[in-house]
Amino acid sequence: MSPSTAPQEGADPEGQADRAAVTQAGSDAVGETAQPSPVPKGRSGSRRLTLWEKLFAAVHRNWPIRSASLNFALLYGVVFFTSATVFLSFTWWNATRLLEHHVQTSIQTEAHDMMRRWMYGGPQVVSDSIEHRLDQNVDEDALYLLVTPEGQKLAGNLPGWPPGVTSTHRFYETTVRRYSFVTQALLHAYNLPDGYRLIVGHDVRGRHVLQQIMTETLVWCAIMIAFLALCGALVMRILFQHVVRSIARTTSAVAQGDLSHRIPLNGSETDLVATTVNAMLDRLKRLMDGVRQVSNAIAHDLRTPVARARTRLEDAALHARTETDLRNAITQALTDLDHITGIFEALLRIAQIEAGARRAAFAPLNVTPNLYGIAELYEASMEERGLKLKLDLQETPEIIGDNRMLQQAVANLLDNAVKFAPPGSTITLSARPLRVMEDSVPTGVEISVSDEGPGMSAADMARAHERFFRAENARSTPGSGLGLSLVQAVAALHRGQLSLSDTHPSGPFAPHDGTVDQDTAHGNSPASDENPLRSRGLRATLQLPLGNPRDILPKEG
């Protein structure tokens, strides 16, 4: 059985006669043009731009640098420098704040100690404590001043009450004179009993020196960070250009006709783009190989009927003696031309299905009632050939799909079986729910057509879906080798798969199962006397998922 293409063919004029209703339905279905879904109102794309979007658009429009790699490198450098600057600024601010807090805490601690001493001994004890502290202050950064209610100095190392210190509720950072020099000091005033007043402070000249050192250090750090950011930006640009050049080399080779080039993988994040592009090129190569194979097959398969039609017409023109002879020659030539037309119509249907045009006709459907209808159409023609049709149709769940296309696919499978089944044999049409486990919820539907014909070799099963493929033993049967190609296209349209296997395994060979999915190409051919150990019969199985309700396109008003 040349399920290769002869059995597969859905464009065989001779095989369509008894099943005009089914094939016409499939032809009408493919002939329909999918209408684009209407664009919902209010989504015309006239959305108002936000202020940030307008600003970004203006900057992008006026930005002088157009190199993507350079822009990416600059962006990296700016982000790196900004983040480092913010971090160093925070470090500087936190360090100076910590120093100032330490000084303020020290001043408040000493002031509280002075007040406690005042409670025990009055002005004299506080004066003695100030003198003692000044003697012990090696760094000479402590500042004290105790004055009477009249403003006279009792103790301390400040020459007098600073004019700017007027409140006792805050710290003052001011300039004070110490001995023969002027310095910055942080002071705090306190009121004591009986009108006495006290100033406790700290010379912060060292803190300012430390702040200056930290500032210079941070400036140099910022310069080094800017240099590192620039180096990092250049490295990022080089890496970016390397990736782009790799993609450019591959696409340039493809543009020149070399479809064997692929983008090398390097283990980085760019592998995602490389993998996607490589998969696209693999798919493109398969399609181009398919186009070349189809072109060769068309030239080979159409040459015979065209030459035959021309020969008949030429012979009639030269030798026809009666009007009847001339009409017979024209009729035979028209038959050959109808066969050619059928081939092109089948190719057009397959192309429309593979392009997804038929998704516009997707709707919920139950395949079991449809299979009963198809079986009723085929029973009469099978009886004429001495064949029996056995039905094993279980209740199946509802799926989302194109009813007419599925009818056409099942009709092609039955055509295939009828052509190669020997008289007196049985053809079985079955359907059952598809489950992952026996008691699980159905995930799809499985439709199969089994016959008791000569079967197919493993190599031919692997090529069954290829357009125009016909095994040598099927060359003498009517057909063009497009039937199973159309079934495969319908399976791919429904995100399913078509698989071929032996019906009755026999001999030393184990059952062979050749799976044909929408991305794996291969095909069929019947077994012969040269391979007596091959199993008999062929089972073609069509597995269809339940589908997604979102595949149903809204109908226009």
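**Cores, sheet and an aromatic pair**

Leucine 429 touches quite a list of residues, leaving out those up to four places away in sequence: Leu371, Ala375, Leu389, Lys390, Leu391, Asp392, Leu393, Val410, Ile447, Ser448 and Val449. Contact here means heavy atoms within 4.5 Å. The model is a predicted one, so local features need pLDDT of at least 70 and side-chain atom pairs count only at pLDDT 80 or more, while totals for chains, interfaces and linings use all residues. Residues are numbered from 1 along each chain as its sequence is written, and side-chain values use heavy atoms, with hydrogens and water left out.

Leu429 also turns up in the largest nonpolar core, which has 51 residues; together with Met382, Leu414, Ile427, Ile447, Leu500 and Leu542, Leu429 touches the most other members. A nonpolar core is a set of buried Ala, Val, Leu, Ile, Met, Phe, Trp, Tyr and Cys residues joined through side-chain atoms within 4.5 Å. Buried means under 20% relative accessible area, exposed over 50%, and partly exposed in between (1.4 Å probe, protein chains only). Helix α8 (residues 403-420) gives the most to this core, with 9 residues. Helices (H or I, at least four residues) and strands (E, at least two) are DSSP runs, numbered from the N terminus. A second, separate core of 20 residues includes Val103, Ile130, Leu186 and Leu198.

On to the sheet: 5 strands line up as β2-β1-β5-β4-β3 in an open, antiparallel arrangement, where two strands pair if DSSP finds at least two bridges between them. β2 (153-156) and β3 (172-178) stand at the edges with a single partner strand each, so one side of each has no neighbour in the sheet. β3 is joined to β4 (residues 181-191) by 7 bridges, and arginine 178 sits opposite phenylalanine 181 in β4.

A search of the whole structure finds 2 aromatic pairs. One of them, phenylalanine 90 with tryptophan 93, is tilted, at 6.1 Å centre to centre and 40° between the planes. Rings of Phe, Tyr and Trp (its six-membered ring) pair if their centres lie within 6.5 Å; planes under 30 degrees apart count as stacked, over 60 as edge-to-face and the rest as tilted. The two residues are 3 apart in helix α3 (residues 68-136), which means about one helical turn separates them. Tryptophan 93 is partly exposed, with a relative accessible area of 44%.
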